[in-house]
Amino acid sequence: MTRYPVAVLALAAALVLAVAGCSSSTSHPAAGHTSAVSAPNPTAASRANANAASTPRPAHHHRCDAALWQHVYHPDRLHVIHSCMTVRGRVDAVRQEPDGDLHILLATRPALVNSANVTDQHGDLVLEEICQGPVTQTDAIDACQGVPHNLTMPSAGDRVRVTGSYVLDADHGWMEIHPVTKLTVIGHAAPAPAPAPSSAAPPAPAGCHPTTSSGNCYEPGEFCPEADAGMTGVAGDGETITCVLESGRYHWA
């Protein structure tokens with residue numbers, strides 16, 4: 001009779017020890033375990049790396065200086081086709097204009113020129129580096145104030161890369177890069193002498209005739225339509241002008 005309670009007590013003690021062992025094994029993480037909060041997310045890391053690899057980097061390209069448009073006189077005559085583009089070609093001729101612009105003829109892709117370029121510019125695209133020379137054309141003097149003379153002046157025969165606005169000159173009907181933002185000579189020809197500066201112009205008269213399709217005055221040296229050949233008129237600077245043919249071009253002289 002006295003051994004029965006002892007056996008019961010031994011069994012109870014064994015059960016207590018078993019429960020305590022189970023509780024102890026679940027109260028601590030196994031060796032080498034890392035919590036979900038602190039562990040890196042391999043899927044998220046992979047996505048981040050993929051996004052970084054697929055993000056396009058800024059391309060290196062020439063930008064057009066929109067501020068130059070503030071210095072284009074009578075800008076309504078220029079109809080913008082592309083606000084900024086870069087073209088390459090060979091310089092056929094360079095001439096200083098009375099409005100201070102450097103007028104450059106560029107032999108380039110035929111797709112960039114129209115029939116007026118073919119008829120009046122020997123098939124070349126016209127480049128206008130604005131306000132780079134002395135300004136004697138009265139209506140261009142104010143517009144050219146503050147323009148730095150920092151563009152490259154190429155020589156005939158040079159191969160160049162040019163960036164600027166691609167426009168239709170409605171007064172003349174041909175295609176131009178006007179204004180030119182940057183010109184880089186990528187192949188030199190023999191250097192040519194710089195054009196001589198023009199003399200100062202007298203004050204403008206009250207009126208002029210004929211006028212361009214935009215209502216602006218013509219000036220000596222500017223191109224005139226073939227239809228005006230032989231016509232005599234008055235320029236914006238008050239001089240008498242006549243539309244003449246010289247060196248294959250019609251211009252006011």
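Mentor: There is an open sheet of 3 strands, paired in the antiparallel sense and ordered β6-β7-β8. Strands here are DSSP runs of E with at least two residues, helices are runs of H or I with at least four, and both are numbered from the N terminus. Two strands pair if DSSP finds at least two bridges between them. The model is a predicted one, in which local features need pLDDT of at least 70 and side-chain atom pairs count only at pLDDT 80 or more, while totals for chains, interfaces and linings use all residues. Residues are numbered from 1 along each chain as its sequence is written, and side-chain values use heavy atoms, with hydrogens and water left out.

Trainee: Which residue in β7 stands opposite Val 234?

Mentor: Strand β7 covers residues 240-246 and pairs with β6 in the antiparallel sense over 3 bridges. Opposite Val 234 stands Thr 240.

Trainee: Is His 103 buried or exposed?

Mentor: His 103 lies in strand β2 (residues 102-107). Buried means under 20% relative accessible area, exposed over 50%, and partly exposed in between, using a 1.4 Å probe and protein chains only. The relative accessible area of His 103 is 3%, so this residue is buried.

Trainee: With which side chain does the side chain of His 103 make a polar contact?

Mentor: A polar contact is a pair of N or O atoms within 3.5 Å; within protein, one must be able to donate a hydrogen and the other to accept it, and residues adjacent in sequence count only if both atoms are side-chain atoms. For His 103 the distance is 2.8 Å, and the partner is the side chain of Glu 128.

Trainee: What is the phi of Cys 131?

Mentor: Most residues other than glycine have a negative phi, and most peptide bonds are trans. Cys 131 is in the loop between β3 (125-129) and β4 (159-169), and is buried at 2% relative accessibility. Its phi is positive, near 55 degrees.

Trainee: Which peptide bond is cis, with omega near 0 degrees?

Mentor: The proline involved, Pro 179, is in strand β5 (residues 174-187). The cis bond runs from His 178 to Pro 179.
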